[in-house]
Amino acid sequence: MSRGNNLVQGTLDLLILKTLSLQPLHGWGVGQRLEQVTGGELRVPQGSLYPALHRLEQQGWVAARWGASENGRRAKYYAVTAAGRNRLRREVAEWDRLANAIGVVVREVR
Amino acid sequence: MRLWAVIRLRARSLMRRDAVERELEEELAFDRAQRGGGDFDGVRESCRELRGWVRLESLVMDLRRAGRRLAATPGFAALVVVELGLGVAAATAVFSLFNAVLLSPMPGITRGHGLVHLERSEGGTLLGDASYPDYLELREGSRGYTALAATSTFRLDVRTGSGTRTVGAELVSGNYFAALQLEAEAGRVLGPEDERTGFNHVAVISDGYWRKAMGGRQNAMGATLTANGTPLTVVGVAARGFRGASQMFEADVWVPITNQPQLAPMGGPANDCLTSRFCGWVTIFGRLAPGVNLQQAQAEADGVSARFGAARPKLRVRRYEVVGGLGSWSDDRAAEGRLLWLLLAGALVLAAMTCTSLGGMFLARMGARQQEAATQLALGAGRWRVARHYLLEAAWLGTAGTLAGGWVAGSLGRRLLWLAPPSVPHNLPLAIDARVWVFASGLGLICVLALAAAPAWLTARTGRLRENLPGGSSTAGRARLKVQRALLAGQTTLSLLLLIAAGLAARSLQLATAGEVPAAAGRMLLARVDTGHAGAGSGGTTFSRRRDAAFFERLRNNLTNQPGVEQVALSSCLAPSPCNRGPVFVAGNEPGEAEIRSREFLDVYTRPDINWVSPEYFGMYAVPLVAGRDFDAGDGAGTTLVCIVNQTLAARLWPGKPAVGQRLAWPQFAWNGNHDFTVVGVAADRRSRSLLESVAPTLYVAAGQVPFPAMWVTMRTRLATGKAASLLQTQVARLDARIPLENVHTLAEQVRRSLWQPLAIAGLAGAFGLAAVLLGAIGLFGTLAQVIEERRRELGIRMALGATSGDIVRMIAGTGLGPVLRGLGLGAVTAGLLEPGLRPWLYGVGPYDWTVWAGAALLLGVTAAMAACVAACRATQVTPMEALRCD
């Protein structure tokens with residue numbers, strides 16, 4: 001079983017937006033950065049990553065442009081748009097609310 | 001911003017599919033290179049689905065397939081497009097007329113919003129025109145308009161190099177062009193300063209007149225136009241296309257209203273209608289100021305009327321109704337509206353009938369496709385996917401049909417005006433504008449949905465494999481037959497409605513003309529000769545009454561002596577058409593002038609048509625005298641005033657008593673002089689005002705005794721119409737070259753003009769009705785042919801078991817004729833319910849004219865039977881062996 005499945009459902013958009021809000025990245029870079037930051041805890045399979053990126057692009061939260069990568073190859077870079085930043089703020093707030101609520105329940109049980 | 005980005009992206013993924021696909025490949029290739037391998041097929045699919053291609057692709061694929069399938073049956077496709085095109089064209093053409101008359105501003109007027117009419121009314125009766133002093137008071141007293149203008153139409157005889165040409169003209173107030181918000185095409189338009197007397201010999205001409213008569217030259221500004229004997233300086237050209245503020249009149253010249261005494265003298269002692277309140281001759285219209293509504297304008301008009309009424313207690317109260325719109329009186333517009341609604345209803349019935357007939361054909365097509373549908377379902381296609389094929393086919397055909405129909409409607413709309421009298425100008429913006437296209441495409445869309453609805457619904461409802469398999473006695477098949485029968489019945493019902501309407505209109509025409517029109521109407525040439533303008537202002541040789549009489553008598557004599565001319569008569573009114581009217585009384589009983597004038601239009605007095613006629617009139621128009629004598633040469637100037645009354649007037653004035661020898665007072669003839677006429681004869685009643693109205697009381701006076709400046713010449717000849725017309729022209733010119741000949745046409749044409757509304761209804765309803773019969777027969781034949789195709793095996797077995805050809809014909813024809821009979825019954829009931837709505841247009845037709853109904857039903861029944869028999873005879877050609885083998 002892949003560790004990517006540990007991804008909490010519905011949080012992929014939030015993670016991608018957050019990652020891209022720090023700096024524009026290509027698709028592979030997004031996956032790498034996520035894995036790096038979480039110490040290998042979160043690995044997003046490309047089967048989820050690319051459709052998610054394209055969906056965010058279609059909804060106007062991120063914008064794509066072609067640029068040169070570190071190794072000189074042409075790569076598609078994604079960056080968060082102004083609307084995407086607003087969206088990210090809302091998603092983060094929503095996540096905090098949810099995480100708190102879950103935390104309360106979990107501590108209660110313990 | 002975000003929305004724009006989203007739209008751009010979506011559009012790109014639709015339009016530049018290949019580029020988007022390439023980019024995806026490149027992006028994934030980069031990932032693969034970084035990762036050092038991996039399987040990306042699933043990723044690719046997910047990304048594609050995201051872009052919404054899959055659904056769209058399948059739609060495009062189905063659309064292409066529907067197109068291919070239609071191309072495989074070109075006969076069917078062409079038939080549907082033509083039929084649908086005709087239905088859409090008929091309705092759209094009628095709607096374009098409707099749009100031009102009722103919905104659009106008149107030609108040249110770009111801003112129609114806020115234009116209103118002020119109509120004079122008295123005791124609830126619309127009187128229309130106002131006097132100039134009344135208009136000035138309203139103009140002074142009103143604040144609710146950006147401009148309140150006045151106009152009056154008249155005819156100008158413009159002198160040209162070779163003779164005289166009559167053009168339409170308007171006498172207008174100085175703010176006329178400002179109220180219409182019209183600019184000059186060249187030069188300038190008229191302004192308030194032109195309304196001052198003494199500075200007013202100026203004219204604005206229409207763009208068309210400028211181009212045609214003056215060659216569009218810039219130096220036309222400042223040129224002199226000699227019109228009705230008065231020189232006018234051309235100062236400008238009106239906006240392109242503009243032909244005046246009336247729908248029924250096409251003007252080419254506009255002159256300041258203060259020219260009325262010279263250019264359009266109205267006769268009588270008080271020739272100056274600029275100061276008289278008894279002349280009702282100006283039409284008042286205006287443009288409401290921003291923020292003012294009709295109610296506020298009405299309140300203001302009422303206030304003005306009340307103030308001036310209080311200041312002049314002796315004058316009768318004038319009330320003005322503020323009515324939205326411009327171009328015709330509100331009651332005319334209402335009448336036109338009713339007629340156009342009727343025509344539109346007829347056209348929509350035809351369109352509905354077309355859809356019904358096409359729906360039947362589509363269903364038949366569905367039957368032929370059962371096997372294909374079954375295969376598709378068996379292979380796992382969804383019901384709606386299968387049902388969608390019908391919608392897409394219909395969409396192709398509907399688009400083609402609507403475009404064809406809209407295209408045809410453009411010229412058809414103009415042709416519809418042929419049904420109207422040719423002499424009546426039509427100042428109408430007849431164009432296929434956006435509104436008309438919206439109507440046409442809306443209609444087309446409804447037709448498409450109607451076409452495909454039944455097959456699509458049936459497929460979706462009973463879309464199970466087993467039931468669509470051929471040969472099986474299927475519920476789908478039965479449901480389809482039921483709908484097919486209902487459609488056949490429905491189309492018969494609608495056809496019957498159209499046919500009955502056509503029949504009733506034709507019957508009404510027959511009754512309206514019976515006995516009223518002389519047999520020689522086609523050889524009777526009419527022309528109006530008006531001496532009124534000739535000589536006015538040119539050296540003071542204005543025609544006097546005496547000279548009028550002498551002129552017309554010489555013209556009549558000269559014409560009678562020409563070879564080929566049988567008889568010549570003169571009359572001031574042209575029957576059938578409206579006539580001058582005035583109150584008459586039994587001599588000695590007439591009230592004073594002030595009282596008559598204040599109550600003239602209240603319908604308290606007998607106001608007969610008054611017709612000045614020469615002695616030959618009664619003979620030529622086949623109006624027998626039932627008592628007394630005709631006018632004769634002895635009834636000339638200086639002899640006792642004599643008159644002839646028709647039976648209706650005689651009965652009104654002297655009920656139960658012989659009229660001959662009685663004395664009749666006609667005060668308007670000479671208010672303070674001798675206005676008593678001795679009745680010398682009683683003429684038979686004729687529906688002279690209109691062939692569609694009841695008989696009007698009529699007073700005839702002798703033209704030789706009481707001259708009238710504008711007379712209609714009626715000439716019965718053996719010559720061709722064109723020759724007779726030029727003969728008349730020559731003879732008038734020989735007497736006085738300045739007198740123009742107007743409105744030359746035959747009596748038969750006059751009758752057609754007078755009957756144009758019922759003729760238009762009969763013509764259109766007839767065309768619609770025949771189209772419906774034809775389409776119905778095609779639909780029935782197509783449906784039966786399909787039924788035979790489906791039941792081929794059954795027919796083969798029956799014939800193998802010994803059924804005769806007669807049995808087969810009876811069976812097939814029975815299948816088709818049952819619904820037709822039900823449709824006829826339903827149609828008769830519906831027509832019975834709708835018929836009262838038609839009555840206002842039907843002259844003399846009794847309620848429920850059974851001959852028309854029976855005729856229409858018979859015509860439909862016979863054509864249906866013929867179509868059914870032809871189809872059924874094909875069925876007998878099925879040979880048993882072939883039929884059994886064919887699966």
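**View 1. Salt bridges across the whole structure.** In this predicted model, a search over all chains finds 35 salt bridges, each defined as a side-chain nitrogen of Lys or Arg within 4 Å of a carboxyl oxygen of Asp or Glu. Side chains of opposite charge can pair when their charged atoms come close. Residues are numbered from 1 along each chain as its sequence is written, and chains are lettered from A and ligands numbered from 1 in the order in which they are written. Local features need pLDDT of at least 70 and side-chain atom pairs count only at pLDDT 80 or more, while totals for chains, interfaces and linings use all residues; side-chain values use heavy atoms, with hydrogens and water left out.

**View 2. Salt bridge between A:Asp13 and A:Arg55.** The two side chains meet at 3.2 Å, N to O. A:Asp13 belongs to helix 1 (residues 12-22) of chain A and A:Arg55 to helix 3 (residues 46-58) of chain A, so the pair links distant parts of the chain, 42 residues apart (helices are DSSP runs of H or I, at least four residues, and strands are runs of E, at least two, numbered from the N terminus). A:Asp13 is buried at 16% relative accessible area, whereas A:Arg55 is partly exposed at 30% (buried means under 20%, exposed over 50%, partly exposed in between, with a 1.4 Å probe and protein chains only).

**View 3. Salt bridge between B:Arg211 and B:Glu185.** The N to O distance is 4.0 Å. B:Arg211 is in helix 8 (residues 207-213) of chain B and B:Glu185 in strand 5 (residues 184-187) of chain B, so the bridge ties together parts 26 residues apart in sequence. B:Arg211 is partly exposed at 39%, and B:Glu185 is partly exposed at 34%.

**View 4. Salt bridge between B:Arg798 and B:Glu794.** These side chains meet at 3.0 Å, N to O. Both residues lie in helix 24 (residues 792-800) of chain B, four residues apart, so about one helical turn separates them. B:Arg798 is partly exposed at 40%, as is B:Glu794 at 27%.

**View 5. Surroundings of B:Thr714.** B:Thr714 lies in strand 21 (residues 710-717) of chain B and is buried, with a relative accessible area of 0%. Its side chain makes a polar contact of 3.0 Å with that of B:Tyr621 (a pair of N or O atoms within 3.5 Å; within protein, one must be able to donate a hydrogen and the other to accept it, and residues adjacent in sequence count only if both atoms are side-chain atoms). Beyond neighbours within four places in sequence, B:Thr714 has contacts (heavy atoms within 4.5 Å) that include B:Met524, B:Gln567 and B:Met620.
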